[in-house]
Amino acid sequence: MAVSSPSTLLLFLLLVFSPSSALLSHSGVSPEVKTLLTIKSFLEDPQGVLNWDVSSMNPCTWTFVTCSPELFVIGLEAPGQNLSGRLSPSIGNLTNLESLLLQTNNITGPIPAEIGKLAKVMKLNLSRNHLYGEIPSSVPHLGRLQYLDLSYNNLSGPVPRFFAGTLNIVGNPLMCGVNTGQDCSGTAPVPMSSNLEISQHSWGNNPLICAENIEQDCNRTVVRRS
């Protein structure tokens, strides 16, 4: 490409390196647009609330999407929208995401391990869905995470140790069932801290935790300093 003058060169550089053009792939669609559309394809949306325009190159105009001044997607917030289906592993491609709020829907399946790629996320709320499986081991090490709510799902497995912010995992009876040896750490809402070990025993109406043959006081919360 021939550049005829300094002013033309300047215009060319602005077009190439501006935030909006930096978001575009060779096909003219930004990676974030592709990622959001993939996330949508994994979800069932009976009310049609995710009315995202496939032809749009600007996801910042879409419902439930928040962008930074530089036009990066920093928020995906669609609580209580009757969404079902699964959370796509491509969620990990939204590397500028600071807030992911999908609580009070009907999303099922495991929490994608790729969610641990969201290094900038500060608020993560997937509560009151139908998620199952273990909390990905990468989640506790999200350095900017301040608030994590995974309550009232069907999660199981070990309870990771969290280091900052607030954690809520009540309503997941399989996490602290018979013979798990769990300390039931991090219930809601409690500080996530390397200096505190939280043992929660207020698990009423969870028969796998509070059955007659389990030596557990289900009506108290114990906080022990490590």
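In which loop is Thr-104 found? Thr-104 is found in the loop between β5 and β6 (106–109), where helices (H or I, at least four residues) and strands (E, at least two) are DSSP runs numbered from the N terminus. This is a predicted model, in which local features need pLDDT of at least 70 and side-chain atom pairs count only at pLDDT 80 or more, while totals for chains, interfaces and linings use all residues. Residues are numbered from 1 along each chain as its sequence is written, and side-chain values use heavy atoms, with hydrogens and water left out.

**Loop residues with positive phi**

- Thr-104, a residue other than glycine, has a positive phi near 60°, and because its relative accessibility is 44%, Thr-104 counts as partly exposed (buried means under 20% relative accessible area, exposed over 50%, and partly exposed in between, with a 1.4 Å probe and protein chains only).
- Leu-71 is likewise not a glycine, yet has a positive phi of about 75°, and the place of Leu-71 is in the loop between β2 (65–67) and β3 (73–77).
- Leu-71 counts as partly exposed because its relative accessibility is 32%.

**The loop between β4 and β5**

- Asn-93 lies in the loop between β4 (84–86) and β5 (99–101), and Asn-96 also has its place in the loop between β4 and β5.
- Asn-93 counts as partly exposed because its relative accessibility is 45%, whereas Asn-96 is buried, because its relative accessible area is 16%.
- Asn-93 and Leu-36 are 57 residues apart in sequence, and the C-alpha to C-alpha separation of Asn-93 and Leu-36 in space is 9.3 Å.
- Leaving aside residues up to four places away in sequence, Asn-96 touches Glu-32, Phe-72, Val-73, Ile-74 and Lys-120, where contact means heavy atoms within 4.5 Å.

**The five-stranded sheet**

- Five strands form an open sheet with mixed pairing, in the order β1-β4-β6-β8-β10, and two strands are taken to pair if DSSP finds at least two bridges between them.
- β1 (43–44) and β10 (154–155) stand at the edges of this sheet, and because each has a single partner strand, one side of each is left without a neighbour in the sheet.
- β6 pairs with strand β8 (residues 130–133) in the parallel sense, over two bridges.
- Gly-109 has Leu-131 as its bridge partner in β8.
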